[in-house]
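Colleague: I would like to learn how to read this model feature by feature. Please give me the general idea each time, and then the case at hand.

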Amino acid sequence: MRKFVLTVFSLFIVVMSAQNMTDDPRKWVEERSWANGWDVAPDESIDSDEFLTQYTGNKELWDTMFRFLSTNDLNKMELGEHQIVPGRCWAIVSEYIPKTMDKGNIESHKKFIDLQYVMQGDEKMGLARNVTVRKEYNPDRDVAFWNSDDIRYYPAMSDVFFLFFPGDIHQPSVRDDEECVGKSRKIVIKIEYIE
């Protein structure tokens, strides 16, 4: 009987913890139980509800991805593609000169979430509203391109990362003006999206 009561009590605690987590996704993000040792903070622009939904629906994949980020020296990683879970999650490390805001692509994806983290550089990430289609969705490349004059920008510092879900029409890696501010180094991780 005592063992049964303890089991029921343990189950109650697990259910209440899960309920509290889903009651306040922002608090769940801040508590960082998902981070697996990676000490970079999520940017304020991230949709906490969608983050929680995707993480809990595909936890093993997200945990593998965050372990990858926490156990690799991203500043020394070779440029190019690195498989994390073949076909479901991979990283692309690149170095480039950020484009000006008027030249940077505004894009969205349907099959994969973008985690974007700028390790070095002086640039911004934008979230667009009031968009019009520039180029229809290409399922082979998992991308659509948009036009917008209504973009909110967030500084892409080395202490924050961004998550762009299919509903997030975003303009990554842009700079303020024509002056070249130097090269950026970024990792983009493509993460399988679940519906």
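Modeller: Start with burial. Buried means under 20% relative accessible area, exposed means over 50%, and partly exposed lies in between. Keep in mind that this is a predicted model.

Colleague: Take Ser-173, then. Is Ser-173 buried or exposed?

Modeller: Ser-173 has a relative accessibility of 9%, so it counts as buried. This serine is found in strand S12.

Colleague: How do I read the pairing of strands?

Modeller: Strands of a sheet pair through backbone hydrogen bonds, in a parallel or an antiparallel sense. Two bridges join S4 to S12, and these strands run parallel. Within that pair, Lys-99 has Val-174 in S12 as its bridge partner. Strand S7 (residues 124-129) also pairs with S12, in the antiparallel sense and over three bridges. There Leu-127 stands opposite His-170 in S12.

Colleague: And what is the strand order in the open sheet of six strands?

Modeller: The order is S1-S11-S6-S13-S3-S2, and the pairing is mixed. At the edges are strand S1 (41-42) and strand S2 (80-85), each of which pairs on one side only.

Colleague: How many bridges join S3 to S13 in that sheet?

Modeller: Eight bridges join strand S3 (residues 89-96) to strand S13 (residues 184-192), and the two run antiparallel.

Colleague: Where would I look for contact between parts that are apart in sequence?

Modeller: Compare the separation along the chain with the distance in space. Leu-61 and Ile-84 are 23 residues apart in sequence, and their C-alpha atoms are 9.0 Å apart. Leu-61 is found in helix H4 (residues 59-71). With 3% relative accessibility, Leu-61 counts as buried.

Colleague: Let us move to charges. How many salt bridges are found in the whole structure?

Modeller: The criterion is a side-chain nitrogen of Lys or Arg within 4 Å of a carboxyl oxygen of Asp or Glu. A search of the whole structure on that basis finds ten salt bridges. One of them joins Glu-95 and Lys-183, with the closest N and O atoms 3.7 Å apart. Glu-95 lies in strand S3 and Lys-183 in the loop between S12 and S13, so this pair ties together parts that are 88 residues apart in sequence. Glu-95 is partly exposed at 34% relative accessibility, whereas Lys-183 is exposed at 53%.

Colleague: What is the N to O distance in the salt bridge of Arg-129 and Asp-150?

Modeller: For the side chains of Arg-129 and Asp-150 it is 3.1 Å. Arg-129 lies in strand S7 and Asp-150 in strand S10 (residues 150-155), so parts 21 residues apart in sequence are tied together. Arg-129 is partly exposed, with a relative accessible area of 47%, and Asp-150 is partly exposed at 25%. Salt bridges can also share partners: Glu-95, Lys-183 and Arg-185 are joined into one network in that way.

Colleague: Is the pair Asp-102 and Lys-103 buried or exposed?

Modeller: Both residues are exposed. Asp-102 forms a salt bridge with Lys-103, the closest N and O atoms being 3.8 Å apart.

Colleague: And charges without such a partner?

Modeller: Residues counted in a patch have over 30% relative accessible area and no salt bridge. Here Lys-99, Arg-134, Lys-135 and Arg-141 gather in a patch of positive charge on the surface. Lys-99 has a relative accessible area of 44% and is partly exposed. Its place is in strand S4 (residues 99-100), and its bridge partner in S12 is Val-174.

Conventions:
Residues are numbered from 1 along each chain as its sequence is written. This is a predicted model: local features need pLDDT of at least 70, side-chain atom pairs count only at pLDDT 80 or more; totals for chains, interfaces and linings use all residues. Side-chain values use heavy atoms; hydrogens and water are left out. Patches are made of residues with over 30% relative accessible area and no salt bridge: like charges are joined within 9 Å, nonpolar side chains (Val, Leu, Ile, Met, Phe, Trp, Tyr) within 5 Å. Accessible areas come from the Shrake-Rupley method with a 1.4 Å probe; for residues, only the protein chains shown count as cover. Lys and Arg count as positive and Asp and Glu as negative; His and the chain ends are not counted. The place of a charge is taken as NZ of Lys, CZ of Arg, CG of Asp or CD of Glu. Helices (H or I, at least four residues) and strands (E, at least two) are DSSP runs, numbered from the N terminus. Buried means under 20% relative accessible area, exposed over 50%, partly exposed in between (1.4 Å probe, protein chains only). Two strands pair if DSSP finds at least two bridges between them.
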